[in-house]
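Hi there,

Here is the structure I promised to pass on. Have a look at it first, and my notes on what turned up follow below.

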Amino acid sequence: MFPIRDHNPSGRIPYVTYALIGINVVVFLSYVGLFQNDRALVAFFFDYAFIPARFSEGEGILGLFTSMFLHGGWAHLLGNMLFLWIFGDNIEDELGHGPFLGFYIAGGVAAAMAQYLGEPGSPVPMVGASGAIAAVMGAYLLMYPKAKVDILIILVIIFRIIPIPAWIMLGLWFAMQLIGGVGSIAGTGGVAYWAHAGGFIAGIILIFPLWTKRGGPAFWRSTDGHPPHPEARYPFVPSSIPNAGRRR
């Protein structure tokens, strides 16, 4: 079960979202050949990933920033870019291009710090844009809790697309990160649950001033939690899954 699109069209072309997706893909392609050489890959991640144990020693500070543009494989990259594609355009639309870029980077750094606080002595390199994208998801939840998100459910040979409110999808995702973080064993690698949870919370905090400026709870009441514009409608054809696009 995973999201494939939302029903929340943006009002401007999300240049920064597109650029971030492009940069992540290009960066991954630049070192994908290292996956054939474990020693070279470890050396590369040692220099550019975020390693909590190194950070505790005052080293590897650059990794706070570079790690959010690295990925551990094709599935990792494509999954993260899908989430950024779905949720990034709307937050960029709300904040503007430049502020959104600052928001994204700040969210990624906050996510890395959350992982550090959870496992300060871990020698395991952390890579991935998911912490920064989690910040985007947290902001999306606060701004559009009832926006429709289409979920693709696969049961063996059955494929179904079901629209659900964003608060259910994002709330469940956040709960899974908390449960995963509590149940994880420090220093063993795997999913950086605390980075996900920390990025999500950071996104809510960073977007909170804008939400308050819009009226806070009054903004929710005026739209009933939906986006303040008509939602996109799609024919549910499994072979055709378009993006929400832009508002006319």
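**Salt bridges**

Asp93 and Arg12 form a salt bridge, with 3.2 Å between the closest N and O atoms. This pair links distant parts of the chain: Asp93 sits in helix H5, while Arg12 belongs to the loop between strand E1 (2-6) and H1, and the two are 81 residues apart. Asp93 is buried, at a relative accessible area of 14%, whereas Arg12 is partly exposed, at 32%. Please keep in mind that this is a predicted model.

Arg214 has a relative accessibility of 36% and counts as partly exposed. Glu94, at 15%, counts as buried.

The other is between Glu59 and Arg54, where the closest N and O atoms are 3.6 Å apart. Here the acidic residue, Glu59, is partly exposed, with a relative accessible area of 37%, and Arg54 is buried, with 17%.

Two packed helices are described by the angle between their axes and the distance between the axes.

Helix H1 (residues 15-31) packs against helix H5 (residues 74-95) at an angle of about 165°, and their axes are 8 Å apart. Angles over 145 degrees count as roughly antiparallel, so H1 is roughly antiparallel to H5. The crossing of these two helices is right-handed. On the H1 side, the contact is made by Tyr15, Val16, Thr17, Tyr18, Leu20, Ile21, Asn24, Val25, Phe28 and Leu29. H5 contributes Trp74, Leu77, Met81, Leu84, Trp85, Gly88, Asp89 and Glu92. Sorted by class, the residues of the H1 and H5 contact are 13 nonpolar, 3 polar and 2 charged.

H1 also meets helix H6 (residues 97-118): their axes come within 9 Å and cross at roughly 45°. H1 and H6 are therefore oblique to each other. From H1, the residues in this contact are Tyr15, Val16, Thr17, Leu20 and Asn24, and from H6 they are His97, Phe100, Leu101 and Tyr104. The contact of H1 with H6 has 6 nonpolar and 3 polar residues, and no charged ones.

**Around helix H10**

Which residue other than glycine has a positive phi, near 55°? Asp224 does, and its place is in the segment after H10. Most residues other than glycine have a negative phi. Asp224 is partly exposed, with a relative accessible area of 45%.

Within helix H10 itself you will find Pro217. Pro217 counts as partly exposed, at 43% relative accessibility. If you want a sense of distance across the model, the C-alpha atoms of Pro217 and Leu82 are separated by 30 Å, and the two residues are 135 apart along the chain.

Happy browsing, and do write back with any questions.

Best wishes

Definitions and conventions. Residues numbered from 1 in each chain as written. Predicted model: local features only at pLDDT ≥ 70, side-chain atom pairs only at ≥ 80, totals over all residues. Heavy atoms only, no water. Axes fitted to C-alpha atoms, helices over the stretch in contact; angles between N-to-C directions. Helix = DSSP H or I, 4+ residues; strand = E, 2+ residues; numbered from the N terminus. Parallel < 35°, antiparallel > 145°, perpendicular 65-115°, else oblique. Left-handed = near helix turned anticlockwise from the far one by under 90°. Contact = heavy atoms within 4.5 Å. Nonpolar A, V, L, I, M, F, W, Y, C, P; charged D, E, K, R; others polar. Salt bridge = Lys/Arg side-chain N within 4 Å of Asp/Glu carboxyl O. Buried < 20%, exposed > 50% of the residue type's maximum accessible area, 1.4 Å probe, protein only.
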